[in-house]
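Reader: I would like a close look at one part of this structure and at what holds it against the rest. Please go through it in order, and give the cut-offs behind each term.

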Amino acid sequence: MAARYGGDDRTEKRSRVCGGRAGLIPLEEKFDAATSGKWGILGWLYNQGATPLIVIDSFSQASSDLVDIQASVLFQALRCEKRYLRIQDDELKGNTSSVDVSTPVNLNGLIDVCKALLKRTVCRVDVETGKSVPDVNRGTNEEELVRFASMLSQERKARFQKKGITTVTQ
């Protein structure tokens, strides 16, 4: 199946992706059809100071969703789902969902969010709905990060051995 994507049998052995995302704004019903139907071009861009800008927000969310879905589908097709790890929280609220608020209070709140994320079960993207769903075949995010780091460390050592370098420094 890897050949279908232009790779070879080694593709799944070489591919690894570990990603995270914070600041995902939950889908909200901010406007109804009757209101938005009256907007002109400037209304869609500005709408009396509403932020984030509606058009930009929509494109940003769609772009992010496409990356999630495409990466998930690719790793499933290559039968190497365990080599793809995406950690994110789709339920951030208030300042924790903003990339613009870097106050000590907000940053400490994000630390708490991250600690809680480590304890959650690994999720995968359901390609039918686009939503994150628990992956029952994997452990917690923390366990998967440890496994991922171990895998990368072993591969690094193997590359050094192949080059004839016996001392591996941290």
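Author: Start with E142, which is partly exposed at a relative accessible area of 33%. Here, buried means under 20% relative accessible area, exposed means over 50%, and partly exposed lies in between, with a 1.4 Å probe and protein chains only. This is a predicted model, in which local features need pLDDT of at least 70 and side-chain atom pairs count only at pLDDT 80 or more, while totals for chains, interfaces and linings use all residues. Residues are numbered from 1 along each chain as its sequence is written, and side-chain values use heavy atoms, leaving out hydrogens and water.

The partner of E142 is K119: the two form a salt bridge, with their closest N and O atoms 2.8 Å apart. This pair joins distant parts of the chain, since K119 belongs to helix α5 and E142 to helix α6, 23 residues apart. A salt bridge here is a side-chain nitrogen of Lys or Arg within 4 Å of a carboxyl oxygen of Asp or Glu. Helices are DSSP runs of H or I with at least four residues, strands are runs of E with at least two, and both are numbered from the N terminus.

Within α5, N106, V113 and L117 are buried. Seen down the helix axis, the buried residues fall within an arc of 40 degrees, so they line one face of α5. The arc is taken from the directions from the helix axis to the C-beta atoms. On the other side, P104, V105, K115 and K119 are exposed. The cover over the buried residues of α5 includes β2 and α6.

Leaving aside residues up to four places away in sequence, L117 touches I87, Q88, D89 and N141, where contact means heavy atoms within 4.5 Å. L117 and N141 are 24 residues apart in sequence, yet their C-alpha atoms are 6.9 Å apart.

L117 also belongs to the largest nonpolar core, whose eight residues are L85, I87, L92, V113, L117, V122, F148 and M151. Two or more of these residues come from each of β2, α5 and α6. Another core lies apart from it and has five residues, including A71, F75, L78 and Y84. A nonpolar core is a set of buried Ala, Val, Leu, Ile, Met, Phe, Trp, Tyr and Cys residues joined through side-chain atoms within 4.5 Å.

Back to the charged pairs. The whole structure has five salt bridges. One of them joins E144 to R147, with the closest N and O atoms 2.8 Å apart. These two are three residues apart in helix α6, so about one helical turn separates them. E144 is buried, at 6%, whereas R147 is partly exposed, at 28%. R138, E144 and R147 are linked in a network of salt bridges.
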